[in-house]
Amino acid sequence: MVASRCFCCGKALNPGGSRACAIMLFLICWVFFLIAEICLLAASIRNAYHTKYRKMWNIDDPPSCEVIRKGVFAAGASFALFTAIVSQFYYVCYSRARDDYKNPPY
């Protein structure tokens, strides 16, 4: 997304399907990123909360990841992967709209 710059401050894009697709994928990418960040942050805070109190009470059992709900870290990792995939599609659509503006197809 750094390479594509901002939509309002960067070079002009060709109006059409590629531009609309790029804007839609840009927004979806940020939504997926925020969901991944929330999942990973919530799971790590919850896990740290439980491991902190296990050390305070001198429980010798090593802490396990089963303390938090199963799948929270997996959901965060999945959304991080979805963010990477969607950002690649975004860049393809953005570069297609940018190249079409420089070289019109007609």
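1. Let me start with residues 72-93: this span is 100% helix and 0% strand, and its end C-alpha atoms lie 31 Å apart. Helices here are DSSP runs of H or I with at least four residues, strands are E runs of at least two, and both are numbered from the N terminus. The model is predicted, so to speak from sequence alone onwards: local features need pLDDT of at least 70, side-chain atom pairs count only at pLDDT 80 or more, and totals for chains, interfaces and linings use all residues. Residues are numbered from 1 along each chain as its sequence is written, and side-chain values use heavy atoms, with hydrogens and water left out.

2. The UniProt record (an unreviewed entry) places "transmembrane region" at residues 21-45 and 72-93. Its positions are given in the numbering used here, feature names are shortened, and annotations may be inferred rather than shown by experiment. Residues 21-45 are 100% helix and 0% strand, with 36 Å between the end C-alpha atoms.

3. Now to the inside. The largest nonpolar core has seven residues: A22, L25, C29, V86, Y90, C93 and Y94. The elements giving two or more residues to this core are α1 (17-56) and α2, and α2 gives the most, with four. Such a core is a set of buried Ala, Val, Leu, Ile, Met, Phe, Trp, Tyr and Cys residues joined through side-chain atoms within 4.5 Å. Buried means under 20% relative accessible area, exposed over 50%, and partly exposed in between (1.4 Å probe, protein chains only).

4. C93, one of the core residues, is in contact (heavy atoms within 4.5 Å) with S18, C21, A22 and L25, leaving aside neighbours within four places in sequence.

5. T83 sits in helix α2 (residues 72-102). T83 counts as buried because its relative accessibility is 12%. Beyond neighbours within four places in sequence, T83 is in contact with C29, F32 and F33.

6. F82, also in helix α2, is partly exposed, with a relative accessible area of 38%. The C-alpha atoms of F82 and C29 are separated by 7.9 Å, although these residues are 53 apart along the chain.

7. Finally, the surface. W30, F33, L34 and I38 form a nonpolar patch with about 400 Å² of accessible area together. Patch residues have over 30% relative accessible area and no salt bridge, and nonpolar side chains (Val, Leu, Ile, Met, Phe, Trp, Tyr) are joined within 5 Å. I38 lies in helix α1 and counts as exposed because its relative accessibility is 57%.

Technical notes: Patch = residues over 30% accessible without salt bridge, like charges linked within 9 Å, V, L, I, M, F, W, Y side chains within 5 Å. Areas by Shrake-Rupley, 256 points an atom, 1.4 Å probe, with all protein chains shown as cover. Salt bridge = Lys/Arg side-chain N within 4 Å of Asp/Glu carboxyl O.
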